[in-house]
Amino acid sequence: MEYKAGSYEVAVIGAGHAGVEAALAAARLGHSTILFTISLDAISNMPCNPSIGGTAKGHLVREIDALGGEMGKAADKTLIQSRMLNRGKGPAVHSLRAQIDRAEYHLLMKQTVERQPNLDVKQAEITEIRTNEKGAVNEVVTAMGAVFEVKAAILCTGTYLKGKVFVGEFSQESGPDGMHPANALSASLEKLGIPLRRFKTGTPARVQKSSIDFSVLEEQPGDEPITPFSFETDTPLQNKVVCHIAYTNAKTHEVIRQNLHRSPLYGGVIEGVGPRYCPSIEDKVVRFSEKPRHQIFVEPMGLSTDEMYLQGMSSSLPEEVQLAFYRTVKGFENLKMMRTAYAIEYDCIDPLDLKSSLEFRSVEGLYGAGQFNGTSGYEEAAAQGLVAGINAARKLEGKDPIVLQRSGSYIGTLIDDLVTKGCQDPYRMMTSRSEYRLILRQDNADERLTPLGYEIGLISEERYQRFLNKMEQKKAEQKRWEQVVLPPSDQLNEVLVSRGTAPLETGARLADLLRRPQLDYSDLAAFDPSAPKLSAEVREVTQTELKYEGYIKKQLAQVEQMHRLETVRLENMDYKAIRGLRLEAAEKLCRVEPENLGQASRISGVSPADISVLMIYLEQRRHQNREEGAQ
């Protein structure tokens, strides 16, 4: 029996990392929002691994924070170890990764959404989404028959949508961590004309800390000092744990090979497509058979539990086989499993069905975010949730959607890749996906996005003024470095020679010395007595821009060239009627419906020659329109 349960402007379905950011954004922008979750105990759960950040993912978290999202703040508050990845490479690929106290992160985010004005949180399974006679979302219905009137809905279903767990020959309908799945909603989406497909992911076993012999494992301490994820975090952060590294061996691989026939992945039982860049251990053993060993990262689940997570060892092999191959690893001989590793497959969409705003092309007011859109990872999910929440709110206000450019953010790159190129397996963000990564560094995420976050309404006036002050400090320091001249001295030349660079015979500008790749400001600070007191963050971004200014100028020129293409709108286009356009290109353009020429140029199967044909056609159409107007 159905009943009218109330009305809200925005309904967010699913309270994982995408759903929480979406709900907070919509509510903070002043719209009545309801956040539905299968279980209140699963809000912002980390079923895959207890960490946030990583290569390129750390960039996403800082961009989320720069726009006014929540993930970075929560990660800093619940951090137990932090490392800066890729320090041996250039600053463009430096990426934060932090171990998080899983339970504390969940509790903090649960409290955050519970206390957010304009936001109600409800434990319920959504089984149906309804539209009005115009094809726009107007109601969502729960399994218990509660009908909520809404003006927009955001789907953030994660791995719950018809979720099914596999462990060897055993399988059952289930969400992550034993939660019950959302089985009914898929049929409602298909009724709305939204085609679904199956993807798969997996997780390693959780094991008892006391059953590991840490004395034979490699230690992996955190980095000091810690760079926070959030630009608002102003208190020093501390590493509270040490992680460890173990290795598989020939015996491990042999146990796995002998039991491949019992893997649902290799037996054809699993229908879903798995992640290319996060393979299971059986996948690694098969695909990289020449490797004698694989790393296993032994990471704590939190400070209040003895559960340990074995990153790099996800599996869907039977429980007894898992125990057998885990125990072949040095240090794991007496290992006790607390939670068995499993694979999980779930329904998701082809993101080509979405606009750049993450609204469905076919259903007005319906948005998708996170793994539902075909991605993997907490950070990718949170980024999409934030954008979907912002754009749902803006649609209600009659404003144009926020479409982040790929030249301005990794979030823009992520969404553009999804809605322009689609994905054949779970999409994971990597620095290599961006052609503009030198200017999309994590250290300048605030400079790129905080003004936009302020304009949207998610950045407070106080925070924005602090940001402007930081920009003034950077500008002043850049100017000062160009003016300060360091005279030659025995002490300075001793430092220069020790760093492998030529000594001075005459005075040199501080900026010119810092342009030398061997030198860092810390090498020269003692010879710069007029230096103002600045944060390490300001000095780092100032120095990076100085050292790479030539490359940055070239990349900015590329950005300008792409922006010119993106100003050319594509509207009411009959691609199949355009002479000279290849059939494949016409079909792809009809499928994606690009919003501008720049987006069209990035579609797989559309060549530069096809873009030239489009440009000629558009110019001819403009000329024809001018002539008709003159008549």
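Glu 540 counts as partly exposed, because its relative accessibility is 37%; here buried means under 20% relative accessible area, exposed means over 50%, and partly exposed lies in between (1.4 Å probe, protein chains only). This residue is found in helix H16. Helices (H or I, at least four residues) and strands (E, at least two) are DSSP runs, numbered from the N terminus. Glu 540 and Asp 353 are separated by 187 residues in sequence and by 41 Å in space, C-alpha to C-alpha. The model is predicted, so local features need pLDDT of at least 70 and side-chain atom pairs count only at pLDDT 80 or more, while totals for chains, interfaces and linings use all residues. Residues are numbered from 1 along each chain as its sequence is written, and side-chain values use heavy atoms, with hydrogens and water left out.

Helix H16 (residues 536-547) packs against helix H12 (residues 461-483) at an angle of about 50°, with the axes 10 Å apart. Axes are lines fitted to C-alpha atoms, for helices over the stretch in contact, and angles run from 0 to 180 degrees between N-to-C directions. H12 and H16 are therefore oblique to each other; angles under 35 degrees count as roughly parallel, over 145 as roughly antiparallel, 65 to 115 as roughly perpendicular and the rest as oblique. On the H12 side, the residues that meet H16 include Lys 470, Gln 473 and Trp 481, and their partners in H16 include Val 538, Arg 539 and Leu 546. Contact here means heavy atoms within 4.5 Å. The residues of this contact between H12 and H16 divide into 4 nonpolar, 4 polar and 7 charged (Ala, Val, Leu, Ile, Met, Phe, Trp, Tyr, Cys and Pro count as nonpolar, Asp, Glu, Lys and Arg as charged, and the others, Gly among them, as polar).

With 23 residues, H12 reaches 33 Å from its first C-alpha to its last, close to the 33 Å expected at 1.5 Å a residue; the expected span is 1.5 Å times one less than the number of residues. Among the buried residues of H12 are Tyr 464, Phe 467, Lys 470 and Trp 481.

The loops hold some details too. Between strand S16 (218-220) and strand S17 (243-247), the loop contains Pro 225, and the peptide bond from Glu 224 to Pro 225 is cis, with omega near -10°. Asp 177 is not a glycine, yet has a positive phi of about 55°.
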